[in-house]
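Dear colleague,

Please find below the structure that I am handing over to you. My notes on it follow directly after.

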Amino acid sequence: MPEGKIIKALSGFYYVLDGEEVYQCRGRGLFRKNKVTPLVGDYVVFEAENKTDGTVTEIKPRKNELIRPQISNVDQAILVFSAVEPDFSPALLDRFLVLIEDNEIEPIIVVTKLDLVTAENQKKLSQYIKDYQKLGYTVLETSSVTAGGIEELVPYLEGKTSVFAGQSGVGKSSLLNAINPELALKTDDISSHLGRGKHTTRHVELIHIGSGLVADTPGFSSLEFMEMEAERLSYCFPEMHKHGEDCKFRACLHDKEPKCAVKEAVDSGEIPRYRYEHYMQFLEEIRDRKPRY
């Protein structure tokens, strides 16, 4: 039987890409009975007599799975953050990075709207970018208005399934339109009153960009650490995981424990203090989380 990849899910239909052909399919009744939901990104086995009347019969094992947005088998996350309007937020970026690292997805940070940066903002922004690059993250600087830096991003998308995510109003759809103007993805100007954009993307769909597939998703509707345990958090901060190996206590949470190598690295400037502050903020959230029964 033919195999393909689900590139869109809408109103109970799954659109399966096989080569260059797309087949409209429904899920097998067995999936509902077993409480299994096919996701965009799933590799599936299907049967179809024609392009509009197919059935997904089997879902192949997933290498990863995101809940909100619902998508699987993601190779990398393009985390889009604006330099201004809204202002660059390392706290929100770190929250996204933790969620992405926890799902073992490669993050790429893209800073947009550089054409709007003032001289006084430039120095602070440049320091943040240097910090994240030093931590080992890929950071690209772009402007979808001037098309600056766009050509640097395109090679990263080739042959990969990528999720574009970030704060609402930072220019995700504008960036995709700049890469491929034929997409004509809907963009809304930011609401100055709220300092945030209106969500312009309603459903999850994989779209072709060169030889890659990009999910223009409704974004992460939940940025809470619902499933994460406190012990797991430092693994999602690569620099803390690295220094944590030198802590006196094996299960050190880098909070009040003595002889903590992470806190020493913060004091010496090896780890940016704001990263540690965000870590502690997230740790408190996890500790304060009400147990679910």
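Two residues are said to be in contact if heavy atoms of theirs lie within 4.5 Å. Helices (H or I, at least four residues) and strands (E, at least two) are DSSP runs, numbered from the N terminus. A residue is called buried under 20% relative accessible area, exposed over 50% and partly exposed in between, with a 1.4 Å probe and protein chains only.

The model is predicted, with local features needing pLDDT of at least 70 and side-chain atom pairs counting only at pLDDT 80 or more, while totals for chains, interfaces and linings use all residues. Residues are numbered from 1 along each chain as its sequence is written, and side-chain values use heavy atoms, with hydrogens and water left out.

I begin with helix 9. This helix has 16 residues and covers residues 273-288.

Arg95 belongs to helix 2. Because its relative accessible area is 12%, Arg95 counts as buried. Beyond its neighbours within four places in sequence, Arg95 is in contact with Leu223, Phe225, Gln281, Phe282 and Glu285.

Helix 5 (residues 172-179) is also mostly covered, with six of its eight residues buried. These are Lys172, Ser173, Leu175, Leu176, Asn177 and Ile179.

Next come the aromatic rings. Rings of Phe, Tyr and Trp (its six-membered ring) pair if their centres lie within 6.5 Å; planes under 30 degrees apart count as stacked, over 60 as edge-to-face and the rest as tilted. The whole structure holds eleven aromatic pairs. In one of them, Tyr132 and Tyr137 have ring centres 6.4 Å apart and planes at 55°, so this pair is tilted. Both Tyr132 and Tyr137 are buried. Another pair, Phe237 with Tyr279, is edge-to-face, at 5.6 Å centre to centre and 90° between the planes. This pair links distant parts of the chain, 42 residues apart: Phe237 lies in the loop between helix 6 (230-233) and helix 7, and Tyr279 in helix 9. Phe237 is buried at 1% relative accessibility, and Tyr279 is buried at 0%. One aromatic cluster is made up of Phe81, Phe88, Phe96, Tyr128, Tyr132, Tyr137 and Tyr274.

Charges also sit over rings, which requires NZ of Lys or CZ of Arg within 6 Å of the ring centre and within 35 degrees of the ring normal. The charged end of Lys8 is placed over the ring of Tyr15, 4.8 Å from its centre. Arg26 lies over the face of Phe13, at 4.0 Å from the ring centre.

Finally, there is an annotated site. An unreviewed UniProt entry lists Cys247, Cys252, His254 and Cys260 under "binding site"; positions are in the numbering used here, feature names are shortened, and annotations may be inferred rather than shown by experiment. Cys247 is in the loop between helix 7 (238-244) and helix 8 (261-268), and Cys260 is in the loop between helix 7 and helix 8. Cys247 is buried at 10% relative accessible area, and Cys260 is buried at 3%. Not counting residues up to four places away in sequence, Cys247 touches Cys252, His254 and Cys260, among others. With neighbours within four places left aside, Cys260 is in contact with Cys247, Cys252 and His254.

With kind regards

Notes:
Expected span 1.5 Å × (residues − 1).
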